[in-house]
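Please keep the sequence and the 3D view open as you read.

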Amino acid sequence: PCRSTRHYYSHVIFSDDQGKSWQLGGSTPDHQVNECEVVELDNGDLLLNMRNYDRKQRTRQQAISSDGGVTFHSQRHCPELIEPICQASIRRLRHGVLLFSNPASKSNRERMTLRASFDQGQTWPWSALLDPGPAAYSCLQVLADGSAICLYEAASYQEIRAHLIAASDLPK
C-alpha cells in the first residue's frame, strides 16, 4: 500500500524486448485492489483481474488496457465473481473463451470454482465446482491438448491439490 494514503492499487510490470529489460506499466484508476493477473483479449486489449478489498462488495474487480498495459481504464466490480478477498487465476482457454478460478464464497475461503466467459470477461455464465471444502490461492494452466489444470491451496492451507479438467468437460 501507499504509506501516506494506505491505498492499494494493482499495476503491471512488462517487457517489450523478450525479457531483456522490464518496466513499470499502468496502475488501476481506483484503489482497494491488488494481487492481479492479466490476460490478453481477442482484440489485443489486456484484462486485469484483481483481488478486491472493498468489504461492502465481495467480488473481484477488473480493468482494461487498450495500450499494452501503459494505462488502465473502465475499472469495475464483477458481480458474478464473488470471493472472500483472495488471490485468483485467469487464462485464455482459446479464442473467445476465458477461464477463471477462485474460492467462490462471500464469507470463507472455500468452494474452489472454475468459471468461463464467452464475451471477453463481461459475464461468466459457465461454472464448475472443483472442491466444496476449504480452498484459497489458485493457479490455472491451459494444456496443449485443450484441457486445463487448476492447482490450489486446500484443506485449510495444509495441501496443494491439482484438479485436471478434461477438454471434453470444458465449455465449447
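## A predicted model

Please keep in mind that this is a predicted model.

Let us begin with Thr28, which lies in the loop joining strand E2 (23-27) to strand E3 (33-40). Its relative accessible area is 4%, and because buried means under 20%, Thr28 counts as buried. Where does the side chain of Thr28 reach? It comes to 3.0 Å from the backbone oxygen of Asp30. Setting aside neighbours within four places in sequence, Thr28 is in contact with Tyr9, Ser10, Val33, Leu48, Met50, Phe72 and Gln75.

Gln61 sits in strand E5 (residues 59-65). With a relative accessibility of 5%, Gln61 is buried. The side chain of Gln61 makes a polar contact of 2.7 Å with the side chain of Gln75. Not counting residues up to four places away in sequence, Gln61 touches His31, Gln32, Val33, Leu48, Asn49, Met50, Asn52, Gln75, Arg76, His77 and Cys78.

## Two positive phi angles

Most residues other than glycine have a negative phi. Against that background, Gln18 is worth a look: its phi is positive, about 65°, although Gln18 is not a glycine. Gln18 belongs to the loop between strand E1 (11-14) and E2. Is Gln18 buried or exposed? Its relative accessible area is 80%, and because exposed means over 50%, Gln18 counts as exposed.

Arg111, also not a glycine, has a positive phi near 65°. Arg111 is found in strand E9 (residues 110-117), and at 36% relative accessibility it is partly exposed.

## The nonpolar cores

How many residues make up the largest nonpolar core? There are 15, and those with the most contacts inside this core are Leu99, Leu114, Cys150 and Leu170. At least two residues of this core come from each of strand E8 (97-103), E9, strand E10 (126-142) and strand E11 (148-154). E11 provides the largest share, with four residues.

Leaving aside neighbours within four places in sequence, Cys150 is in contact with Ser101, Met112, Leu130, Ser138, Cys139, Leu140, Arg161, Ala162, His163 and Ile165.

Methods:
Residues are numbered from 1 along each chain as its sequence is written. This is a predicted model: local features need pLDDT of at least 70, side-chain atom pairs count only at pLDDT 80 or more; totals for chains, interfaces and linings use all residues. Side-chain values use heavy atoms; hydrogens and water are left out. Buried means under 20% relative accessible area, exposed over 50%, partly exposed in between (1.4 Å probe, protein chains only). A polar contact is a pair of N or O atoms within 3.5 Å; within protein, one must be able to donate a hydrogen and the other to accept it, and residues adjacent in sequence count only if both atoms are side-chain atoms. Contact means heavy atoms within 4.5 Å. A nonpolar core is a set of buried Ala, Val, Leu, Ile, Met, Phe, Trp, Tyr and Cys residues joined through side-chain atoms within 4.5 Å.
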